[in-house]
Structure formats: structure tokens, C-alpha cells
Amino acid sequence: MKADTMEKVVQYRGTELHTKGWQQEAALRMLMNNLHPDVAEHPEKLVVYGGIGKAARNWESFDAIVRSLKELENDETLLVQSGKPVVIFKTHANAPRVLIANSNIVPAYANWDTFHGLDKRGLMMYGQMTAGSWIYIGSQGIVQGTYETFAELAKQHFGGSLQGTITVTAGLGGMGGAQPLAVTMAGGVCIGIEVDETRIDRRIETRYTDIKTDSLDEAIRLAEEAKAEGKALSIGLLGNASDILPEMIVRGFNPDVLTDQTSAHDPLNGYIPSGMSLTEAEELRKADPDEYVKRSKAAMAKHVQAMIDMMDKGAVTFDYGNNIRQVAKDEGVARAFDFPGFVPAYIRPQFCEGKGPFRWVALSGDPEDIRKTDEVILREFSDNTHLCNWIKMAQEKIQFQGLPSRICWLGYGERARFGKIINDMVASGELSAPIVIGRDHLDSGSVASPNRETEAMKDGSDVVSDWPILNAMINAVGGATWVSVHHGGGVGMGYSQHAGMVIVADGTKEAEERLERVLTTDPGMGIARHVDAGYDLAIQTAKEKGVRIPMMEG
Ligand code: NAD
């Protein structure tokens, strides 16, 4: 990180405020945390994760956001448009302190060409999901979701464990880096192909990956040995997935499980074309972006074709939310959608119960605060063995990046109950400072994404994007501390709209009321969305939990 930018990213800790209240302080600390060098993938470029997912549009905007948050009164709201602060309004104490809209483009124009044109002219930034909405917590943010996916896959295909299986995937970036750890947590062996050696090294440093090699033969040998011994092992394999997968086929090697998490959603900045070094790719990207995109898309087509060939030979194959199938289809791979997305295949039942990637962060910076909240989960949700196992595993295996944080998939009712307990613990002084509570946009009722979260909806409503907008509005009304509406996210321009929310438990009575409202409406939207699409599990959950659905009443 360059010295001049590094000094702007200050990691505030402890109980001293640098703003006029804990809500503003939380936004400030989380913005800084998103750009912490241990958290962000490329902090000097303001890039947090997911290709070019940024926390602020440019350094001038970053400075102005920081200044605004420091000056913001407890009855004011700051509005941020694609990473640039644009206005401050007097609102009221229970209103959000920040409202964010990132990367939204009128639908008929919502493609990468329009975005890149606007980005070049300094009019827009790519907000991804939790990058531009300041609730990214490093690779942990995705580990449980990834673990849930692999655990469900193991249940459906391998009798409940990945022991004795080999998973092949690619992309060990900010989110994709969670895959090797999730596979080993589920007992399996993972070969993670990654073209950038520094990414592999980072996963090894943070214990998400065990070992690395640049030899395909060695990776296959080590993986097969571990598989035979029933040992869990993750191997970072240096190489380009679009070259390596066809080579695996030539060598007669077929994995048991196959997926991919390269940044394929972004053909220009996220995916590296076949046969190119990183430097060559960077030079071509600058010199001839059109040629780059052409080669990148052609490589993705080759990559997906190899996945289909491996699937035909028996590999359990799924898309991991990066839109690679769509690019391959556009490039003429007719069977690109023959393998399913991870949501319809493994995750949707959880969404029907309002479950999703709930997370919280200790603003104190003290890991002890998170340990205490872990104990709450183990005590309060002791009947949920799956959840308790997750917390124990996370305590043992997950290294914090930046502010200490925890992720765990909680559902409707559980989130509000947990929020109140946390607020009480802040009030009593048991926790040393307020806790900020949020979630990924990849949640049960906050995304419209026909190739991912809303793929293959029962009633065919995959492309309806009223839901994330309703989600954002109801969370703002309820008094979330900051609320965001984004476009593009994990699947790229034109393919998704999604909303985020973050809320502070500062121990006050007002926070208790806000938490009760928002942590109910937010997962409640997930139930409502899936009731509307006709899912029996969502209908049953709504009835059991008393979620009022007008079309089910009367
Ligand atoms: P990232 O940009 O931090 O990492 C992507 C990695 O892929 C980089 O390290 C890059 O070097 C590597 N890569 C690119 N082309 C490659 C190639 N041809 N062969 C091998 N490696 C290659 O992105 P991320 O945050 O890890 O996200 C990865 C993708 O997953 C994105 O498309 C993102 O939108 C999507 N995503 C999915 C989920 C989910 O739950 N399914 C969640 C978040 C993100």
C-alpha cells in the first residue's frame, strides 16, 4: 500500500469516539476496516474484493466520506452515490445515518460497456455486495456459506461427508479463498487453481489453504494420496483454470466435485485469459481492452466446456455464483447451463426459513468480545447442533482479518433474539464496545439474480427485482444504521440487483427497538419472497412464525 493512502486508512479501536455517535463511528470504522490491508485485496486502489468491488469511488471521495461521518449529527443522514458522498440531510434520530446506492444503471443500458464508460469518466464505481456497503469481513464472510454448500452437497451425494473425495475449483481470491477451508472442514481434499501466486500465499498465511504447488502432476498425486488415506487437505495449484482443466482431462484425472470461483462476472478486470501471465494480461487490458475481453470470454467458454466434460464423466458440478455459465452460453457453449447454480442445488431451503449469512463485528477491536458472543450462540441455540458445530469449528480454524467478527447463518426470529442479547451485553458493559450487525447481500430476501440467488424460482419470477428494493425500504423505515441498494454484485452488470443493511447495537433502548424491527423485517422479507414464489417450506415457516402474508389471510 502506498504511504500516502495508507495513512488515510486509520484502524480505530477501543471506546473513544471520533464522531458524534456510535452509529456514525460504526460506519467510519467499517469503511476503514473494509480497506484494512489484511482485509482488502487491493486497498491502495480502494478495491476490497470481487474483481473491482470498491469501498469508495476515489481517494477524494474517501476523504469526503470520512469528513462527513466525523461531522454528521445524530439526526442527519449522509447519502452516498456510487462511492461518492453527495448530500447530507437533516432527518431524525431513528433514520439511517447513511444511505448508499451503488452501480445502478437504467435497465436497458445496464451492461459492462456503459459501466466502464461511466467508471472511466469518474461517474461511477463497482460496489460489489459488501465492498461498497462497508460490511466486508474478509474471507470469513463467505466461509460458512461455502461450508453450508459443501456440507449439503456431501449430504446429497456422499453420505454426509466429503472424506475420501477430491474437489477441484479455481479462484482463491477474497471470497473464493474460502473454498479450500470449507472443503477441508467438510473432510475433503481440495485442489484450488489460482493464476496469481500472491493470492495462494495469502490463503496459506491465513490458514485457508494448506500447501501450494505449480505442478499439476504433483497436485494430482498429493490429492489422490490424501483421498486414499481419507485425509483432509487443500492444495493451491498455480495455473490458469481454462488451461489446467483440459490438461486434467488429458491426464485422465476426474474430480468428485467441481466448481469455480474466478471473478468471471467481470471479463475485463476479473478473469485472466488462457495462456497469459499476470503481467501480460495487465498490459493487454490497458493496451487493448476489447481484445482482452474477447480472449477472456473465449477462455471462459473453454473453461465451462471442460467442466461439462468432467460432469459427464461423473463429477458433481455446480456454478458458484460468478456467472461463468452465462458468458460461456453467449460464446456458443450450448450446454453451459447443464450444471446448476449453488442456490437452487443446495441453499434455497435455508432461504425459505429466512436464513442467510448474518454477521457481526466487534467495534472495540477486542477478540474477547467475539468470544463472548460465540458463547451466547452456543448457549442460546444449543439445540441447533449444526450451528454449534460451526461456531466451534470457526473458533478453532478462522483467523480474524481486521476487526474481530463472526459469521453464522441465523434465520427469522433467531436474528432478532440474538440482536437483543448483544445489545443487552453492550448495555451491561459485558462487551467492551458496541457491536455492528449486518449481512451479505447474498441473503434470503435481498437479491434478484436470475443466474444465482433467484435462479429457477418455483413460479418463474427469477428476474423480478421489486424484492431487494422493498427490502431496502423496509429496513430503512425500521431504522437500520446504513442501508444500500446495488446493481451487478457477484454476477456482473445487468444480472442482479441487491440490498444491504447494517445496524449498530450500542446498548441503548432506542437501539433495542431498532434492532427488534430491522432484524425481523430483514429475514421476514426472505420468507415473504419465497412464500410468494410458492415454496411450501416458506409457507409453513410464515405460519409457524406468524409472518403476516395478506394473500394467505382472509
Ligand atoms: P477476487 O477478484 O478477489 O478473486 C478472483 C480470483 O480469481 C483472483 O485471485 C484471480 O487471480 C483468479 N483468477 C482469475 N482468472 C483466473 C483463471 N483463469 N484461472 C485461475 N484463477 C483465476 O474475487 P472473489 O471475491 O474471490 O470472488 C470470486 C467470484 O465469486 C466473483 O465472481 C464473485 O462475484 C463470486 N462470488 C460468489 C459468491 C458465492 O457465494 N457464490 C460470493 C461472493 C462472490
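Reader: How do you know that the span of helix 14 agrees with its 14 residues?

Author: Happy to show you, and keep in mind that this is a predicted model. Helix 14 covers residues 367–380, and at 1.5 Å a residue it should span 20 Å. The end C-alpha atoms are 20 Å apart, so the two values agree.

Reader: Which residues of helix 14 are buried?

Author: They are Asp369, Ile370, Thr373 and Ile377. A residue is called buried if 20 or more other C-beta atoms lie within 10 Å of its own. These residues cover an arc of only 95 degrees around the axis, so they sit on the same side of helix 14. On the other side, Glu368, Glu375 and Arg379 are exposed.

Reader: What makes strand 3 and strand 4 a pair?

Author: Two strands pair if there are at least two bridges between them. Strand 3 (residues 76–81) and strand 4 (residues 84–90) have 6 bridges, in the antiparallel sense, so they meet that cut-off. Glu76, for instance, stands opposite Lys90 in strand 4. The two strands form a hairpin with 2 residues between them.

Reader: In which sense does strand 3 pair with strand 5?

Author: Strand 3 and strand 5 (residues 98–102) pair in the parallel sense, over 4 bridges. There, Val80 has Ile100 as its bridge partner.

Reader: Why is the ligand said to lie between domain 1 and domain 2?

Author: Because both domain 1 (1–136 + 347–554) and domain 2 (140–339) give residues to the shell around the ligand. Among the 35 residues around the ligand, Gly173, Met175, Gly321, Asn322 and Gly490 come nearest.

Notes. Residues numbered from 1 in each chain as written. Predicted model: local features only at pLDDT ≥ 70, side-chain atom pairs only at ≥ 80, totals over all residues. Near = placed C-beta within 6 Å. Domains from an automatic or database assignment. Expected span 1.5 Å × (residues − 1). Buried ≥ 20, exposed ≤ 12 C-beta atoms within 10 Å, placed from the backbone. Arc of directions from axis to C-beta.
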